[in-house]
Amino acid sequence: TSHIVELFDQAKGRLLILGEPGTGKSTMLLILARALLMRARKPSAPIPVVCNLVTWSREQKPIGEWIERELITKYFVRTNIAPKWVAQDQLVLLLDGLDEVSEEDRIRCCEALNDYLNAHPVQIAICCRINEFTKLGQKLCLIHAIEIQPLIEAQLFRYLHTLRLEKELSPYLILPEDASSQFMLSPLMVNTIIRTYDDGKNQGRLSRISLATTTVEFYSELF
């Protein structure tokens, strides 16, 4: 938790979080939100608010108007308070899902974000898959960017060891023949397998997972 907060502070409250699918970008954003909520106990501290940019793409309003609508409809903030929070820059914007905005709308979304950031001295963190952001060719008015790296094998088995599950789950983490190491070593995939194991009713599924030779077979058994 302290690490992502330090990075956010070093970026002067303007951070881009990049990574491959499943590496934990959204989780990192929520960890940051929790830490900033602790700070928000102080009267002068801004309030963190987590939103998904997919909802912006539906009407493509100016970012300030979109945030107001999110506060009212998602967080049930009173209609006379939400506009004040936005106008007075009392929020930390934690925005997920830039890569989920359709490709044709993504540039317009970045332009809308830049317009807002140039006009408002707000703190902000934005998550995006690295490939989609690279293809975009559009810069954001942010100070720093970080890329979340996939787990390495040693980290994975150290984590399983702390859970006392290394022996039980190792057979289910063998890569299908057509899978890359990033496919199996993403936090999303590892946590899904752990949850399947913890359920206690899925031993048959786990056995079939260990026999999967393609990613299609693996996904069909796991999900």
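**Strands, cores and confidence**

Mentor: Let's start at a strand pairing: Gly19 stands opposite Ile148 in S5. Keep in mind that this is a predicted model.

Trainee: OK, how many bridges do S1 and S5 pair over?
Mentor: There are 5 bridges between S1 and S5 (residues 144–148), and the pairing is parallel.

Trainee: And which way does S1 run with S4, parallel or antiparallel?
Mentor: Parallel, with 6 bridges joining S1 to S4, residues 123–129. In that pairing, Arg14 sits opposite Ile124 of S4.

Trainee: How many residues of S1 are buried?
Mentor: 6 of its 6, for residues 14–19. Arg14, Leu16 and Leu18 point one way, while Leu15, Ile17 and Gly19 point the other way, and all are buried.

Trainee: Switching to the core. Which residues touch the most other members of the largest one?
Mentor: Leu53, Ile67, Leu95 and Ile126, out of 34 residues in that largest nonpolar core. S1, S2, H4, H5, S3, H6, S4 and H7 (130–136) each give two or more residues to this core. H6 supplies the largest share, 6 residues.

Trainee: What is Ile126 in contact with, leaving aside its neighbours within four places in sequence?
Mentor: Among its contacts are Leu15, Leu16 and Ile17, plus Leu53 and Leu95. Leu98, Leu113, Leu140 and Leu142 are also in contact with Ile126. There's a second, separate core too, with 18 residues including Ala11, Leu29, Ala35 and Ile148.

Trainee: Let's move to H4. Which of its residues are buried?
Mentor: In H4 (residues 63–73) they are Ile63, Gly64, Trp66, Ile67, Glu70, Leu71 and Ile72.

Trainee: And what do the buried residues of H4 pack against?
Mentor: Strands S2 (47–52) and S3 (91–96), along with helices H3, H5 (82–87) and H6 (103–119).

Trainee: You mentioned H3. Is Ser57 buried or exposed?
Mentor: Ser57 is in H3, residues 54–59. It counts as buried because its relative accessible area is 17%, and the cut-off for buried is under 20%. Leaving aside neighbours within four places in sequence, Ser57 is in contact with Val101 and Asp105.

Trainee: What does the pLDDT average over the chain?
Mentor: It averages 81, and 67% of the residues score at least 70.

Conventions. Residues are numbered from 1 along each chain as its sequence is written. This is a predicted model: local features need pLDDT of at least 70, side-chain atom pairs count only at pLDDT 80 or more; totals for chains, interfaces and linings use all residues. Side-chain values use heavy atoms; hydrogens and water are left out. Helices (H or I, at least four residues) and strands (E, at least two) are DSSP runs, numbered from the N terminus. Buried means under 20% relative accessible area, exposed over 50%, partly exposed in between (1.4 Å probe, protein chains only). Contact means heavy atoms within 4.5 Å. pLDDT is the predictor's confidence in each residue, from 0 to 100. Two strands pair if DSSP finds at least two bridges between them. A nonpolar core is a set of buried Ala, Val, Leu, Ile, Met, Phe, Trp, Tyr and Cys residues joined through side-chain atoms within 4.5 Å.
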